[in-house]
Structures are given as C-alpha cells and as structure tokens.
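Here is a colleague's note to read beside the model. Keep the viewer open and find each residue as it comes up.

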Amino acid sequence: MRAALYRAFQEPLTIESVDDPDCPSDGVVLEVKANGVCRSDWHGWMGHDPDIRLPHVPGHELTGVVAAVGRDCEGWAAGDRAAAPFILGCGRCPSCAAGQPQVCDDQAQPGFTYWGGFAEYVAIPRARLNLVRLPESLGFVEAASLGCRFTTAFRAAVEQGRLRAGEWLAVHGCGGVGLSAVMIAKAAGAQVAAVDVDPQALAAAQTLGAGVLINARSVDDVPAAVREATGGGAHVSLDALGHRETCRNSILCLRTQGRHVQVGLLAGGHKDPPLPMGRVIARELELIGSHGMAAHRFPQLFEMIAAGALDPARLVTQRLSLEDGAALLMRMGEPGGAPHGVAVIDRF
C-alpha cells in the first residue's frame, strides 16, 4: 500500500510503498477513504508523543470501507462503511467495562501507538467495541472530522463541561476542535465567545454562530474581555489549542463555579502550565480533562446531523492528496501554517 511516513522526528514525510497491515482476528482492515490532518499529528511528528516508534505513519481521523474481517470478528462484513474513534479500547479494563474506552488503561491509537490513516489501509482491533457504522447519508470526508475533532469537542463541551442552553461557552483557539465546539454549542442553545489571534479563524467562528469575537492580539487582558462580554464570565470555557497562555486565560475568564475543560494537548514546552489555583479555590472553579469520545456515543451525533442541528461539512475547508496532506502536516507549527477549519486527505 501507499503511505506517508517519517523515519525521524521533524524530518520530511515521504510517500512509500509498504506492507499492508495484518487483519486482527477480532477486528478488521479498513480501506481508508478519508483521513483528517490534525494538529495532534503534528505533535507526534515533532516527537512530543512517547508512544510513537519509528518509522511511523500518522493519521487518526479515518473513515473507510471494510476490506478484510478477522476470523473472530462478528457483526462486520467486507464493504461496510465505517469510522473509528482515535482511541481504541481494550475491552477488558475497568474503564472499558464502565463504557469509557476513551480512557482505557490499555488503549491503542492509530497514528500514535501504531500506523495510522496517512495510508491506503489501517487495521482496527476489537471491531465490536471500536468500529462505528456510518449512515449512508454521511460522506467519508465529512465523517473524517468526527473521529477526533468533532467528537472531542462534543464530549468536552456537552458531556464533560455539562454545557446547557442559555449558558456562555468561551472557546480559546478556533481551529478544528474550537470551531466544532462553536457549532455544537449553538446547537445546544448556548451562547459563544470565540477567542483567537487570527481574524480569519474568528470570522469562521462568527459564521458558525459565535456572538462575541475577541482577538487576543488586540486586547490587553483576554480573561477580562471575556468576563465583560459575557456579563460576569463564561459558564464553561475550553482551551482548544493547548498552550500555557490559553489554558490560563480559559480558567481566568470563568464566572464563579464555572467549568474549565482542557481539550487541547499541552505538549512540549507547554505541558506544565502555571495555574491560578488561588482563583480556582476562591471561585470554586472546576478543572476538567477531556480525551476523545467512545464509539458507542457516535450515534447521538449522527442523529443530530440527520436532524440538521449539526453540519460537519461546514468545517471542511480543504480536500487533499496524500502528498499534499503530508506537506500540510509539516507546516502546521509555522505561523499561518495550520488550516482554517478541517483539512482532509481523500486521495491516496
């Protein structure tokens, strides 16, 4: 199969012919039809993830068609349309038993713990737990954003942040996760304050329903600007970027008893940000982590998409070849290098 891989961190990805993956006895092999290019892939390429072993094929936002089925795999057949969350549960640990495989004690992650979707084929183990059947009405490209950014934003804002109608959500960082959160919040009846340094990203957030736009380069005090615009502070705030400053701003912009959700990866020099714990105590703030979403929760999103409440197609701004997707990944850490919205590889 064709795949984009790197043999050293921060060295160029190359397109090569490599062996097809073996089919797990309890899983399937997917022929990849679409795979998103996510900032998490860039973190992996930079060497920020200790689970990556070289050489490596990135890619964790994948959808496709079942090409092979393991001998012990039930419920799936060749030709079935499917997607997978970026965290695959083991099915044995207490977290999986509790229906929370996104925090599995022995999880697998395509594109991180093994080769991912910058390739023609990807193996998915334990398909009954980890594979999601796609509705015929949902295209592969649109569904690719669900495997990470859209589902991550949904769990972060709605499930972990407990966002309710009428509340204010602050979104710090309007990339793929942030823009997904804006759309989800509006569908939930919440109000949104979007924060970014890029006018184009803020314009995209406004198009998706953000009522307050704050350019972090144009104000002296981002948390104060959010608190003023929201009449006392956000009820829920997301750091959707993963930066020392955005993490701190997200906490400081909350109203009393507000909920901060850390969803952006804090890696490299940002992995241990200084936190305003005095304010956390005095205001009884909640600091919550969020890490993906279980496969069994996808149908709720499918129902909202079918009803017209959510439209992931609005987030897709680029459709790329495998070569162009590899080039984009390497640019994502540069100023202006990250795409506005979601870029998806759909030609392998």
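1. **A word to start with.** Buried means under 20% relative accessible area. Glutamate 142 has 17%, so glutamate 142 is buried. Keep in mind that this is a predicted model.

2. **The salt bridge of glutamate 142.** Side chains of opposite charge can pair when their charged atoms come close. Here the side chain of glutamate 142 meets that of arginine 319 in a salt bridge, at 3.0 Å from N to O. Glutamate 142 sits in helix H4 (residues 140-144) and arginine 319 in strand E14, so the pair ties together parts that are 177 residues apart in sequence. Arginine 319 counts as partly exposed, because its relative accessibility is 45%.

3. **A network.** Arg155, Glu159 and Arg297 also deserve a look. Salt bridges with shared partners join these residues into one network. The count for the structure comes to 15 salt bridges.

4. **Arginine 133 and aspartate 80.** These two side chains form a salt bridge as well, 3.1 Å from N to O. Aspartate 80 is buried at 18% relative accessible area. Arginine 133 is partly exposed at 43%.

5. **Arginine 71 and aspartate 72.** This salt bridge has its closest N and O atoms 3.9 Å apart. Arginine 71 is exposed, with 74% relative accessibility. Aspartate 72 is partly exposed, with 49%.

6. **Helix H1.** Is this helix mostly covered or mostly open? Helix H1 (residues 39-46) is mostly covered, with 6 of its 8 residues buried. The buried ones are Ser40, Asp41, Trp42, His43, Gly44 and Trp45. Their cover includes strand E3 (28-37) and helix H12 (322-331). After H1 comes glycine 47, which has a positive phi near 95°.

7. **Valine 344.** This residue lies in strand E15 (residues 342-347). Valine 344 is buried, because its relative accessible area is 0%. What does valine 344 touch, leaving out residues up to four places away in sequence? Its contacts include Ala34, Asn35, Gly36, Val141 and Ala144. Others among them are Val316, Gln318, Arg319 and Leu320.

8. **Serine 321.** Strand E14 (residues 316-321) holds serine 321. At 14% relative accessible area, serine 321 is buried. A polar atom of its side chain lies 3.1 Å from the backbone nitrogen of aspartate 324. Serine 321 also touches Ile345 and Arg347, with residues up to four places away in sequence not counted.

9. **Serine 250.** Helix H9 (residues 244-252) contains serine 250. Serine 250 counts as buried, because its relative accessibility is 0%. Which side chain makes a polar contact with the side chain of serine 250? The partner is histidine 260, at 2.7 Å. Not counting residues up to four places away in sequence, serine 250 touches His172, Ser237, Leu238, Asp239 and His260.

10. **Cysteines.** How many disulfides does the structure hold? The number is 0. Cysteine 96 is in no disulfide, and the nearest cysteine sulfur is that of cysteine 93, 3.8 Å away. A disulfide needs two cysteine sulfur atoms within 2.5 Å. Cysteine 96 is buried at 10% relative accessible area. For cysteine 253, the closest cysteine sulfur is in cysteine 247, and at 11 Å that is too far for a bond. Cysteine 253 is also buried, at 0% relative accessibility.

11. **A nonpolar patch.** Finish on the surface. Leu275, Met277 and Leu287 form a nonpolar patch there, with about 230 Å² of accessible area together. Leucine 287 lies in strand E13 (residues 286-289). Its relative accessibility is 37%, so leucine 287 counts as partly exposed.

Note on methods. Residues are numbered from 1 along each chain as its sequence is written. This is a predicted model: local features need pLDDT of at least 70, side-chain atom pairs count only at pLDDT 80 or more; totals for chains, interfaces and linings use all residues. Side-chain values use heavy atoms; hydrogens and water are left out. Helices (H or I, at least four residues) and strands (E, at least two) are DSSP runs, numbered from the N terminus. Buried means under 20% relative accessible area, exposed over 50%, partly exposed in between (1.4 Å probe, protein chains only). A polar contact is a pair of N or O atoms within 3.5 Å; within protein, one must be able to donate a hydrogen and the other to accept it, and residues adjacent in sequence count only if both atoms are side-chain atoms. Contact means heavy atoms within 4.5 Å. Patches are made of residues with over 30% relative accessible area and no salt bridge: like charges are joined within 9 Å, nonpolar side chains (Val, Leu, Ile, Met, Phe, Trp, Tyr) within 5 Å. Accessible areas come from the Shrake-Rupley method with a 1.4 Å probe; for residues, only the protein chains shown count as cover. A salt bridge is a side-chain nitrogen of Lys or Arg within 4 Å of a carboxyl oxygen of Asp or Glu.
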